[in-house]
Amino acid sequence: MFARENLNYDPLLLPDRMDYDDAMVRAEAVTFFERMRGRHTVRDFSNRDVERDVIETCIRTAGRAPSGANHQPWHFVAISNPALKSRIRAEAEEEERRFYAGGAGDEWIKALEPIGTNDSKPHLEVAPWLIVVFAQRYGEFEDGTRYKNYYVPESVGIASGFLIAALHHAGLSILTHTPNPMKFLNDALGRPASEKPVMILAVGHAAEDAQVPSVAMMKKPLEEILTVLD
């Protein structure tokens, strides 16, 4: 995204300025909250297709996220190929079986009980798309010389949030899935050692009979997540 030379500071006037009045600022904040309040993690997907260009547009949105030194240390792999989704499911479930067989520890397993998860992950095949998010530990110039990326976890986390919000705004349902460890994804998807898989997003339309655990509706109130010093 940048070259070894010509890295001088070149300021531009702010494009795309939004000069909302106070009422519009408040209205837009409430509108977005109401839209995001309807976001739910879904494990039950229909087999309805999602067009590729929708996924691409949502990933474009993710690519607009801020990042350390603007290095944009992320890569997204979008998968609709049934055979590859089947392979990812099989390898993810192998890791999950070890996780639930004791690798996670009793406290973690206990914390997951109200969510109702187990080592079976059919959504990895049923959902029409899987999006694997990779964090790039370092970048490389065209001659192979490495350069350091900065604030990689923070940057990739923000981009992932942008992506989830964009997918939800498009009317799609998403499940974040993090098998541990996830190194098998580098091999399955042909990604270099410089990249670390962070999560799998299963993406599609919720099934007609989709359910969510009741505990997932319990969100901390504002006073528990906000401190205002004015």
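Strand E1 (residues 74–79) runs antiparallel to strand E2 and is joined to E2 by 6 bridges. Helices (H or I, at least four residues) and strands (E, at least two) are DSSP runs, numbered from the N terminus, and two strands pair if DSSP finds at least two bridges between them. The model is predicted: local features need pLDDT of at least 70, side-chain atom pairs count only at pLDDT 80 or more, and totals for chains, interfaces and linings use all residues. Residues are numbered from 1 along each chain as its sequence is written, and side-chain values use heavy atoms, with hydrogens and water left out.

**The sheet**

On its other pairing, E2 meets strand E6 (residues 195–204) in the antiparallel sense over 8 bridges. Some bridge partners of these strands are given below.

| Residue | Bridge partner | Strand of the partner |
|---|---|---|
| Val77 | Val132 | E2 |
| Trp129 | Val203 | E6 |
| Ile131 | Leu201 | E6 |

Together, 4 strands form an open sheet in the order E1-E2-E6-E5, with antiparallel pairing. E1 and strand E5 (173–177) stand at the edges, each with a single partner strand, so one side of each has no neighbour in the sheet. On average, neighbouring strands of this sheet are turned by 25 degrees against each other, direction ignored. Strands of a sheet pair through backbone hydrogen bonds, either parallel or antiparallel.

How many of the residues of strand E2 (residues 129–136) are buried? The count is 8 of the 8, so E2 is largely enclosed by the rest of the structure. Buried means under 20% relative accessible area, exposed over 50%, and partly exposed in between (1.4 Å probe, protein chains only). Both faces of E2 are covered: one side carries Trp129, Ile131, Val133 and Ala135, the other Leu130, Val132, Phe134 and Gln136, and all are buried.

With 13% relative accessibility, Ser173 counts as buried. Apart from its neighbours within four places in sequence, Ser173 is in contact (heavy atoms within 4.5 Å) with Val42, Phe45, Ala202, Val203, Gly204 and Ala206.

**Helices on the sheet**

Helix H6 (residues 152–169) lies across E1, E2, E5 and E6 and runs at about 160 degrees to E2. Axes for such angles are lines fitted to C-alpha atoms, for helices over the stretch in contact, and the angles run from 0 to 180 degrees between N-to-C directions.

Helix H3 (residues 82–103) has 22 residues. From its first C-alpha to its last, H3 reaches 29 Å, close to the 32 Å expected at 1.5 Å a residue; the expected span is 1.5 Å times one less than the number of residues. Asn81 caps the N-terminal end of H3, with a side-chain oxygen 3.0 Å from the backbone nitrogen of Ala83. The buried residues in H3 include Lys85, Ile88, Arg89, Ala92, Glu93, Glu95, Glu96 and Phe99. An α-helix has 3.6 residues a turn, so residues three or four places apart point the same way. Just after H3, Gly105 takes a positive phi of about 90 degrees.

**Backbone exceptions in loops**

Most residues other than glycine have a negative phi, and most peptide bonds are trans. Asn70, in the loop between helix H2 (52–62) and E1, has a positive phi near 55 degrees. Gln72 is found in the loop between H2 and E1, and its phi is positive, near 50 degrees. Is each of these residues buried or exposed, or in between? Asn70 counts as partly exposed at 48% relative accessibility, whereas Gln72 counts as buried at 18%.

A cis peptide bond joins Asn180 and Pro181, with omega about 0 degrees. Pro181 lies in the loop between E5 and helix H7 (184–189).

**The chain as a whole**

The protein chain holds 8 helices and 6 strands, and along the sequence they follow the pattern α-α-β-α-α-α-β-β-β-α-β-α-β-α. Of its 230 residues, 36% count as buried. Its C-alpha atoms fill a box of roughly 55 × 50 × 40 Å, taken along the principal axes. Among contacts with a separation of 6 or more, 80% are between residues 24 or more positions apart.

An unreviewed UniProt entry lists residues 37–205 as "domain: Nitroreductase"; such annotations may be inferred rather than shown by experiment. This span is 41% helix and 21% strand, and its end C-alpha atoms lie 17 Å apart.

Definitions and conventions: A polar contact is a pair of N or O atoms within 3.5 Å; within protein, one must be able to donate a hydrogen and the other to accept it, and residues adjacent in sequence count only if both atoms are side-chain atoms.
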